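Welcome! Please take a moment to look over the model below, and then we will walk through a few of its parts together.

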Amino acid sequence: MIWCNSVVSYNYCKFQWLLLCCFLFLAHGENIKRSDFPDEFLFGVGTSAYQIEGAYLEDGKSLNNWDVFSLSPGTIRNGDNGFIADDHYHQYLKDIELIQSLGVDTYRFSISWSRILPRGRFGDVNPDGIMFYNKILDELVSRGIKPFVTIYHFDFPQELQDRYGSWLSPLMQEDYVHYADTCFKNFGDRVKYWTTMNEPNLFTQMAYQNGRYPPARCSQPFGDCPAGNSDTEPIVVMHNMLLAHGKAVNLYRRDYQHEQGGSVGIVLDCLMYEPLTDNELDQEAARRGLAFSIGWALDPLTFGDYPSEMRQYIGNQLPQFTSAERKFMRNSIDFIGVNHYSTTYAKDCLYSDCSISANRATKGFLDTTSERDGVQIGELTGISSLRVVPRGIGEVVEYLKERYDNKPMFITENGYSEPQTEGQDQDAIQDFKRIEFHQMYLSSLAQAIRDGANVKGYFVWTLMDDFEWIIGYRIKFGLYYIDRQTLARVPKMSAKWYQDFLKNNTQTPVIRLSSELVHNKADS
Ligand code: NOJ
């Protein structure tokens, strides 16, 4: 494929758009529209602080866990880091203009802990950090875009790691509550949607089970880290995170909610599990997969205790909540934030042979695979474990609806990254696959809503290509392409598609969009 950057390629682009329209029509026989969703449904786009801000030591920000981690050789693909990232710290105004031009109702972003509290609760609030987020919030509100704020999205001041080992220690609960309090106090007048943390279930696995995220702790057979225990530490870390959430929400409800009128949720990685075979054991394994990943966090925050499935297999190793804790943990979310990308098959390990890392209590005695009878569950994406399985979003929402009494849900992330091959950067602009991905997932979601699921909003992940954690900048989820030399933001076709979709205008001659793209690109 080529870029739409010349008169010659303009006709080519027209042709490609026509092909795309025909393809989408024939392939799916439907054209999802904004009006397929309830009137009050919120559409948005999301980012996270460390992935886009850069300015890693500017205006009083301290080193955080990811800064330090990426300074250590071999941790991030290609030696990438978030020191400059997308330079959003300096270009936030331009980015908010892009967000507004998409026509979204809401923007999900996170606060950088080390920017506003460089030393956690061991130092002062950084006024420059507060000012930065005040400017963002004011801009959003004045443009009629609802801020949807994640308090903690994987990054925290390194000092908390060095002092007491961060989330492995209950002391981190106190630091988290102090941080959340600082956010509520300074920003809560403009924030009506808070989420306490992003994907604690994925974080515990990546940081304490396979040791690929900082602080990179693990043990055999999960990985080869200098220290850690992959069977026990994730459980301790999750316990501290859940208590931190519960205490922060308690505080919000007691001191702020009445006056500020916001709601609070938590965001979880919601991978869908389907049984590998019709066999009852695999069906049970799929149910266990969901309980061990989603129920692990949501059961305590809804019912006040860990899922019975986990108690059954992990037994006494699973921490106990005191009765006072159970009280404030129960019903400590107003909504569920659902990050959904993909679906996997689950295979039972209790009665069948599995690899030694799957055949473990912490994993729920199940193995996962994307292949059944030689057929993949869905098309490959840039992250090999995330296959394209549109039905999964409907299935996972249905699961949550049943298990949590149809509590309000937001799809806080859903997005696509293209499989990468060397030197393929330019094709990223003509991201037909991303458009197709969102259309198919949205169709499945719309059906689930028609079937009664209480889903209130949907956020595309992500606004612009960014620092994709240990994979660095090569894997791209953005609606906007970032030229890594100039940091220019270039709209992909998916940005144009989302803009049009949000105008309920999917029947429009998409050709017009390609001509806009031609000019945008030529002008840039
Ligand atoms: C979920 C994480 O919240 C986000 O930070 C990440 O970029 C996406 N998944 C894609 O991997």
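In which sense do strand 1 and strand 13 pair, and over how many bridges? Strand 1 and strand 13 (residues 455-461) pair in the parallel sense, over 5 bridges.

## Before we start

This is a predicted model, in which local features need pLDDT of at least 70 and side-chain atom pairs count only at pLDDT 80 or more, while totals for chains, interfaces and linings use all residues. Residues are numbered from 1 along each chain as its sequence is written, and side-chain values use heavy atoms, leaving out hydrogens and water.

Helices (H or I, at least four residues) and strands (E, at least two) are DSSP runs, numbered from the N terminus. Two strands pair if DSSP finds at least two bridges between them.

Strand 1 (residues 42-46) is largely enclosed by the rest of the structure, because 5 of its 5 residues are buried (under 20% relative accessible area, with exposed over 50% and partly exposed in between, using a 1.4 Å probe and protein chains only). In a regular strand the side chains alternate between the two faces of the sheet. Both faces of strand 1 are covered, with L42, G44 and G46 buried on one side and F43 and V45 buried on the other.

Elsewhere, an open sheet of 3 strands has the order 6-8-9, with mixed pairing. Its edge strands, strand 6 (272-275) and strand 9 (366-369), each pair on one side only.

Helix 15 (residues 391-403) lies across strand 6 and strand 8, and runs at about 95° to strand 6. Angles run from 0 to 180 degrees between N-to-C directions, and axes are lines fitted to C-alpha atoms, for helices over the stretch in contact. Contact means heavy atoms within 4.5 Å.

## Two helices side by side

Helix 16 (residues 432-450) and helix 17 (residues 493-502) pack at an angle of about 35°, and their axes are 8 Å apart. The contact is made by F432, R434, I435, H438, Q439 and L442 from helix 16, together with M493, S494, W497 and F501 from helix 17.
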